[in-house]
Amino acid sequence: MASKSLRQATTGRERASEHEGFLRYQSYKWLKIALGISAVALLIYAFNDVQPKPNGGSIYGYTTGTIGVLLILWLTMLGVRKRAITPGRWSLKSWTSAHVYLGLSLIVIATLHTGFDFGWNVHTLAYALMMIVIASGVFGIATYAMLPQALSANRGETTQVQMLDNLRMIDRQLNEAAQPLDAEGAAIVRMALDDDPFGGGLIARLTGHYRKCGTRAALAAVRAHPGRKEAAADPYDHVEVLLERKRSSLSRIRKHLRLKALLEVWLYLHIPLTFALIAALFVHIVSVFYYW
Amino acid sequence: MSFIVRTVARTADGRDIVRPKSFDKAELSIGRSPSSDIHLPDLAVALNHAVIRTAAGGAVEIVATAGMPFLVDGKSTEHERFSASPGANIRIGSHSLSVEPGEGDEKGAVVITVERVGAISNASEEKEEARVFSLASVLPSRRIMAWAGVLLVLAIFLAWPLVSIHTQPTDNSRKVAFHADELWTSGKLSQVHRSLENNCQACHVKAGESVRDTACVACHTKVHDHADKAKLLEAKGSPGIVDGTKQFVGGIFGIQPGRCVECHTEHQGQTAMPVTDERFCTNCHEDMSKRIDTALKDAADFGEHHPQFEPTIRFAGPNGVPSFRRVSLDANPKEDNGLKFPHDLHLSTTNGVAQMAKTLGKAEGYGAPLDCANCHTRDATGSSFVAVKMEPACGACHSLAFDQVGGTIRTLRHGDPAQVVADIRAFYRAGAPRNPALQGMDRRRPGDFASAAQRASFAQTSAMHIGNADQAIRAVFSKGGACFDCHTVRATGNPTTPFAVTPVALSRRYMMKGWFDHAAHDTESCASCHAVKGSKLASDVNLPKLAKCQECHGGQDAHKEVPSACAMCHDYHRNDFAPLMVRDNRARGKAVEHIREKALKQAGTGI
């Protein structure tokens, strides 16, 4: 307790806990603000009798639309803001907290802006893009909350470089162990050696299933090889041991890759689709006023 | 000739260690086998892969021994011969063998430098850790994806429609088919405008310009303005902040207030075009008298702020010249229609009239005390009634018979006093009364006779009390005579036609500014609205007052049996027929559906 107050005194920050994440920042301050905004928006919508039916062209529609587009532009500014880390009221943590909760409040604001009037047009495209961006953000937060533990557990004490070095060491041993083998045996081992541990594309990364895994194929081939002898000095025995070791090492790397991919993939939707969304919003606004 | 083989190994810190070895023989074996002269510990190399030997003329020859090819100066081959000077580069598996002529002390020998150039395995190749462990290695960069997304959206949803708009022909040669600017549509068109889907420019005539009224009237040729445009704007009054802002911004886009589309909103989905909202009327009419000089009374919600009905009433001026004036029902107006007709007498269930109707029987269309339908019949539209004609409505009781020739009853001609006079004179000139002619010239009273047959026999036996033609004529036109009791008769002083009858003009329609549909009120009895049972005079205006309507009807949002927007009775683009809202049957059930076709036919306009 004493050390905490001492730390608080030295940093001069008004924070209750050292471990307050962006989600629970300042006792959910931004969550409360976002809920407040959404509630007000819903209330006005409920009591606002737009004829013949609610649409984005009513006064309320224009208001929610303007708020929505400004909010979206502000939300994208997180990308600029995060590159400049500062303390204080508008710290990056505060900013991120606001980004998350105000971004979620867009679900209400933008949906009310549509007046539930959807179709196959650029207007609904902008809405759909926005919803995907929000959904990817939610997915991102969920993975950030859940996956780092699994990532850390899988990795143990090793670093990524150590994982790779381990693999390289096994490869060297495999190379040596296979030297006495004939051309066929060498070809089998080369399947494992030539296998790119980082190959396999997006799907393999996300699922962890590498269908063309050379090591697995090599292991199967070695086990099924007819030239295996019961004698003690069979070079295939050592090769098999090494292949098994490589497979185990690969599986840890690939689990690591999978967790990392899940942690990263949302950004590959979130960022590019945000820009596509801004383009669609631009077209939405232009087209609405083009024939206004 | 001899070979010198220099094997290059690389230490962990990147230094090269060269181990030379001399062979004083003309042929060296190359392979993975440890017994090979040139040993390549490479799994891509066969145990005995090839032999390299000197050949005549300072040439060097390399030949595959396991049937596996190798590269000589980048060319795949199993047998290659080349000059020792300048030599060649041989690639077997991951190893490079560069063959050069020896120099200096080594002159005359062939120097082969053996070096591993490829990594042992894929994993052993140089890898950028941050990249290979992240998704960046399997996906395009976010920046590229963002640009691609932006350009794709702009190309499809902005450039394409714009190009489409500016390249389409503006005349009729334009195809009615998908155009890229439909990507901008804000919703489907209403049912009536459905044929205009795929034909954006029918309404959006000019690129970048909002819909103008000219586009509407191109088809809707017969719709007229509600009132003078300037007066309309004046009646609207000054817009509030919200509408003012809208108008201001609209002005920047060249949009004038009062366009058709302000009320007739489109792209609201494939439904019936939305019924015009009450507020479009009440915006002006609620307190219009404060803003403009008008004879119209202020009106808003039907249930709360509607003025008393003012039917158009007929008044007879001096010399019988009629005049028409709207009078509030609160003033209990009397109209001059020229007729004498007590509704109460005819609708009684007990008096002589009722008895007469009973006696006439069902064959004659009666058989029970009179009800409204005995005289009043619906017109073709069902919404109103045909004019009451004397012969079918009254003639069954109020007979004009005065003579019988053979089996044929002669009647006085209704509506033509001169003819009546002439017929009576002719009757007497012919030597009347040759047979007792009916019952003198008295008006035939109810119960006198009930059927045509009885009428005939009655005519045979009744006595004629009147002596000559002039007396008979006077009797017909005087109190107690056939004409007098229903009509206002005046003496003309002209001996040929001594009497004239004031013309009867029954009102066909009282509410000229509003619409009323009787068919829609079939669920009610006549008397529930029209208090005719107590009406003693034909001049009574037996229309129900506002309060009567308000028993069922309220404003648009009222919790009444029939919430009624203005448009149920009043059309903005008024004609003599049912308002569009009623014609299109959009506000109520099915009762009014049949009106539309008939009313449209009569109006001679479909639009």
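1. In this predicted model, chain A is divided into two parts: domain 1 covers residues 20-155 together with 266-290, and domain 2 covers 160-264. The centres of domain 1 and domain 2 of chain A, taken over C-alpha atoms, are 46 Å apart.

2. The two domains of chain A are in contact through nine residues of domain 1 and eight residues of domain 2. On the domain 1 side, helix H6 (122-155) and H11 of chain A each contribute at least two residues. The largest share of that side, seven residues, is supplied by H6(A). Classified by residue type, the side of domain 1 of chain A that touches domain 2 of chain A comprises six nonpolar, two polar and one charged residues.

3. Which residues touch the most other members of the largest nonpolar core? Within this set of 32 residues, they are A:Leu174, A:Val189, A:Ala218 and A:Val239. In chain A, helices H7 (160-177), H8 (183-194), H10 (214-223) and H11 (235-290) are the elements that give two or more residues to the core. H11(A) provides the largest share, eleven residues.

4. Apart from neighbours within four places in sequence, A:Val239 is in contact with A:Leu174, A:Ala177, A:Ala178, A:Val189 and A:Val222.

How values were computed:
Residues numbered from 1 in each chain as written. Chains lettered and ligands numbered in written order. Predicted model: local features only at pLDDT ≥ 70, side-chain atom pairs only at ≥ 80, totals over all residues. Core = buried A, V, L, I, M, F, W, Y, C linked by C-beta atoms within 7 Å. Buried ≥ 20, exposed ≤ 12 C-beta atoms within 10 Å, placed from the backbone. Helix = DSSP H or I, 4+ residues; strand = E, 2+ residues; numbered from the N terminus. Contact = placed C-beta atoms within 7 Å. Domains from an automatic or database assignment. Nonpolar A, V, L, I, M, F, W, Y, C, P; charged D, E, K, R; others polar.
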